[in-house]
Amino acid sequence: MTPLSAPLRSIPAWAVLQRRLFDEVEQARRVFRDRYTTPDGRLRGVAEFEDRDGVDDLYEPFFNWPAFYLLGGPDEALADSKRVWEGVTAQLTEAGMLTDEYDNGYDWFHQGESLLFFAGICAADPADARYATRARRFARLFIDPAQGNYDAEHNVLRAPHNGALGARPGLDDTVVPYSADRAEMRPYGLPIHGLDGIRTWDDLADPEKALRMSEEMHRRAQGDIAVNLAATSLAANAWLYDGDDTAAAWIRRYVDGWRERTGDSIMPDSVGPDGVAGSMQEGRWWGGHYGWTWPHGFHSVGMSALIGALNHALISRDDAALDLVRTMLDTLLAEARSGSVAESSYSLRGGWTARFGAAAQEQGMLVPYRHGADGWFDFGPLQLDVPVWLWWWTRSDADRERLERAIAGIPASADRIAPFRDKTEAGHEAGWFDFLSGRLPDYPERALEMALGQVARRTAMMLGDAQDPDATHLHFWQRVNPVVTEVLTQLIGGAPQVLYNGGLGHTALRYEDVDRARPGLPDDVAALVHRLDADGVGVRLVNTSIVHTRTVRLRGGRFGLDRIVRAAAAVEDSSGHPGASGTYASPIGAVALATVDCDDDLVVVLPPAHGTDLDLTIARATGSPRHLTFEGQP
């Protein structure tokens, strides 16, 4: 067998920090588990639910626990994930929020947030028959017209609120005046533009107008909306178990329906019950619930369209559906203008102020997130999750240019490894991309240091929490979840953080601990993906142990859509000198190149204090994507 590793002259700092991060996250995760969950997995101190909202808030604090396990976290992370999912699901069922373990019905901006935890468990242990059965049952809610959500004749989901009870009428069970007194909603402005006599937010101070706004919101809450594209992740998750043709056909037909209605224009945000785009909005392409006008515009429409397009590309091996997102990005970039976050009126300005710090006062590129009766409005910095995922998926020059333009619009002094964190546990895409591009070589060390600091901060918040559990705010647990996976996903998986409103957990590489027959890196092993392009992946592996040999298997990413077909490894020549094939720049010193052919199954043995630098040739979109099962899982 050709040796693929060699003795290290020194153990790199990034590898030590990465292994330290695994240890610290696990310690902090157990503090969260013991402090905020009961032995049967329920969250402590959950208040009563007053409307359809809230299901997502109980699943979200754990959204990345299965991902942590898949990257190499301990077995307990998976076991606790399952225990908590079961407990929270029972808790929500008793509260009347679920039917047959699924959300009674709400919008997919929120359902997508709930889905991350469940889909993560499915990917982490697809051999668990309970979750496989659930995955298929949940997918049928949207694939099977008899379940009441999908209208096969018009190829639409029948309402903005959908779920276990089918298409639900309106936006809540009662019509409550949408009053100007709702101060928390004022930054988002009027939910519907063009109603007679209602031109500004203050007009809603009139009780009659507030009631008319609410009635009209409920009346228009029928037919399909853009964020429903995230429902394709339920079908794609079920398809990853066994390649079910019914699930694949539904994804193709449903996404293609949106593509056909869009044509060469920007994607509309709603389709009426008659299957006609904009028929509930007087023929306009904007104005739907969670659409271009209200409340978040591109923030929700762009992500949902991307999720649907990626699921279509996954099952079809055809990236053409991604044009839905390219058109959006090109339109927003064409409308961009210069400005500072601090002086903008962007409705989500607060998060960007925390992210940019002092740089929020500087000029940068602002793009419009929303469109209404007066054209484009609500200008803010372009969120990078959409362009970075677009480039990551295609690796095309054109998509790279879109991403480069978005990154160039960040204020010059903004710290791309700033120590901030929100519930999506993302936002450091620019620094990571700069590292891959050779512009920020110390990103791994600095990002891991930042992540360690975030774990420490979250743990301090937990240990200092003296509030009554019965008075806990529904978002509290999201704020203190100490499991940080963004940097681990970037460096180990070679991928951005998962798209938060319903994306699947794609990575560029998948790892297996061979000795324990389970997914993820073995103990003591660190990985650093340092190159991603159309041809392949560059990854360094380091065994930080000085006594234990570790064995790791690598496979192609995107759930196996990609295959590793060749590996060139930096290994020590038997004579101790560079071999005839030449030298290779690597942290393990003067080395020779050893090349092996693969069939998407590369096993690397790492003796104590050994490492390797692998140049992997990837045959993209040539594999058969599936969830992977392992014998050694808990």
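**View 1. Helix 4 and its surroundings.** Helix 4 (residues 75-94) comprises 20 residues and spans 29 Å from its first C-alpha to its last, close to the 28 Å expected at 1.5 Å a residue (the expected span being 1.5 Å times one less than the number of residues). The model is predicted, and its local features need pLDDT of at least 70. Residues are numbered from 1 along each chain as its sequence is written, and side-chain values use heavy atoms, leaving out hydrogens and water. Among the buried residues of helix 4 are Leu 78, Val 84, Trp 85, Val 88 and Leu 92 (buried: under 20% relative accessible area, 1.4 Å probe, protein chains only). The buried residues of helix 4 pack against elements including helix 1 (13-36), helix 5 (108-124) and helix 6. Gly 96, with a positive phi near 80 degrees, follows helix 4.

**View 2. Helix 6 against helix 8.** Helix 6 (residues 129-143) packs on helix 8 (residues 232-242) at an angle of about 135 degrees, their axes lying 8 Å apart. Tyr 131, Phe 138 and Phe 142 of helix 6 are among the contact residues, as are Leu 234, Ala 238 and Tyr 241 of helix 8 (contact: heavy atoms within 4.5 Å). The residues of this contact divide into 11 nonpolar, 1 polar and 2 charged.

**View 3. Helix 8 against helix 10.** Helix 8 and helix 10 (residues 298-316) meet at about 25 degrees, with axes 9 Å apart. Helix 8 is thus roughly parallel to helix 10. The contact includes Ala 236 and Trp 239 of helix 8 and Ile 307 and Leu 314 of helix 10.

Technical notes
Axes are lines fitted to C-alpha atoms, for helices over the stretch in contact, and angles run from 0 to 180 degrees between N-to-C directions. Helices (H or I, at least four residues) and strands (E, at least two) are DSSP runs, numbered from the N terminus. Ala, Val, Leu, Ile, Met, Phe, Trp, Tyr, Cys and Pro count as nonpolar, Asp, Glu, Lys and Arg as charged, and the others, Gly among them, as polar. Buried means under 20% relative accessible area, exposed over 50%, partly exposed in between (1.4 Å probe, protein chains only). Angles under 35 degrees count as roughly parallel, over 145 as roughly antiparallel, 65 to 115 as roughly perpendicular and the rest as oblique.
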